[in-house]
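Grab a pencil and work through these exercises with the model open beside you. Each task comes with a solution that goes step by step.

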Amino acid sequence: MNIRRSLVTKYLILILASILMWPILPALYYLPDILLKQNMIHEPLEIEKMWKQSAEQLNEADEHTINEKLGNIQEHYPKSELFWVDKAGKTHLIHKGITEFPDQWTPSNLINYLDRSKEQDLFTVTAVMGTDGEKGFMVFLIPKSTTTLAIKPVYADLLLILIILVAGVSLVMVSLLFFVSIRKRLVKLRTAMSGSGNDGIPDEVKVNNSDEIGQLEKAFNRMVIQLRSSRAREKEEEYLRKQWIANISHDLRTPLTVIQQHAYTVQSNPSSSIATKSIQIIINKLTDVGKLLENLLTFTLLSAGKHPIKRENIDVIEEVHHAAVEWYPVLEKEGFRVNIDLPDQVLNWKVDPLWLRCILDNLVQNVIRYAKSGQYIRIGFVEQNGIMRLFIEDKGKGIKHDTEAKGAGIGLSIVSIMTKEMGIDWEMSSSPNGIIHYLSQNLNGI
């Protein structure tokens, strides 16, 4: 998940913004003015300290030295006004253009000056010269706008208070929208979980973000997809199960019907030659029913993974030869032309001999039951791409052709499961001219 889009990251940004807003906003508010006037803004305490030090340095200085020193200070503070008064009360102006100060100071002039300086927007600093001011005093005046006294405190600046108030309200609104958005998405997801579509499964939700809730929405959508897939598989399995049961019923009903008919024949005339033939037919059909039930049991065990398997290296050509010998009389009796062409060599497969024999028996039974119209079976081996492949071929009408003998397909289902478990490649090619099965095993892939 992208950390930048995480809800935790967004929440931490809101917390940091709420904490840093209070020191940052005043700093940003005053910073432009400070930067523009950084050489013009003076600290009152520094001015006082400088003025008193200058007075101490000028205790024994003559008039020329005092004027020169104060002139240099005047150049450093171009907007200031400086003058000094000697012990006789005479005013000495540093800037000759200033005329508002009296030439000769008296106690009443001093009182009037002090009262007037309080009313003016000036920062005034005085310092005495000499011990107890015996050599006079000197005065430094500068507009308060050029000092840090012009900077209003936060509680006294209405514009700054308004800016902070707007920023605070905006932060509260953003936080409210943030949590309202989270709640809205959670309610939407809860509604989707509680509801259900036409198939009884909740509908998917639209995912717009990749944060924690977005990941939850994606997980919910994956669950919905899995539920729909499971529901589709369940319906398909239900359909196949019903069809399979119907086919099994047909497979059982057909021989039982024949048995019933021939049993009636035997019952009617037990000593006739027809009764003897009927008994043989009954025996054959019971054998078929037994094989069907055996296949059904095998399929059930395979599906449950409980059918034992013991792999070993065997000569598959020899195994096919033994099976062909056993099946030959049955095939010949059914009227099949049998073509068995096995190479004179050894071909080892790593398989369970009983499972392999079950595969061969089911494929041959399949030929007898469903390809009887072709009256032909061919069993042999062919080399393709350097691999020896066993094939069983018939000349029936193909797997798509419906016959009365066509049943549930348990035999081929057993072949499919067993070949997969033993690592045998099984291919079946069907056409109106017959079916051919190919079996092969690549030992390098096991």
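Before we start, contact here means heavy atoms within 4.5 Å, and helices (H or I, at least four residues) and strands (E, at least two) are DSSP runs, numbered from the N terminus. Axes are lines fitted to C-alpha atoms, for helices over the stretch in contact, and angles run from 0 to 180 degrees between N-to-C directions. This is a predicted model, where local features need pLDDT of at least 70, side-chain atom pairs count only at pLDDT 80 or more, and totals for chains, interfaces and linings use all residues. Residues are numbered from 1 along each chain as its sequence is written, and side-chain values use heavy atoms, with hydrogens and water left out.

**Exercise 1.** Work out which side of helix 2 is buried and what it packs against.

Step 1. Find helix 2 at residues 44-57; its 14 residues reach 20 Å from first C-alpha to last.

Step 2. Pick out the buried residues (under 20% relative accessible area; exposed is over 50%, partly exposed in between, with a 1.4 Å probe and protein chains only). They are Pro 44, Ile 47, Met 50, Trp 51, Ser 54 and Ala 55. These cover an arc of only 135 degrees around the axis, which puts them on the same side of helix 2. (The arc is that of the directions from the helix axis to the C-beta atoms.)

Step 3. Look at what they pack against: helix 3 (63-76), strand 1 (81-85), strand 3 (122-128) and strand 4 (137-143).

**Exercise 2.** Now do the faces of helix 3.

Step 1. List its buried residues: Ile 66, Leu 70, Gly 71, Ile 73 and Gln 74. Down the axis they fall within an arc of 165 degrees, so they line one face of helix 3.

Step 2. Check the other side, where His 64, Glu 75 and His 76 are exposed.

Step 3. Find the cover over the buried residues, which includes helix 2, strand 1 and strand 4.

**Exercise 3.** Which strands stand at the edges of the five-strand sheet?

Step 1. Write down the order of this open, mixed sheet: 6-8-9-11-10. Two strands pair if DSSP finds at least two bridges between them.

Step 2. Read off the edges: strand 6 (337-341) and strand 10 (425-431) each have a single partner strand, so one side of each lacks a neighbour in the sheet.

Step 3. Helix 8 (residues 316-333) lies across strand 6, strand 8 and strand 9 (387-394), at about 165 degrees to strand 8. Helix 10 (residues 410-422) lies across strand 10 and strand 11 (434-440), at about 145 degrees to strand 10.

Note on methods: Expected span 1.5 Å × (residues − 1).
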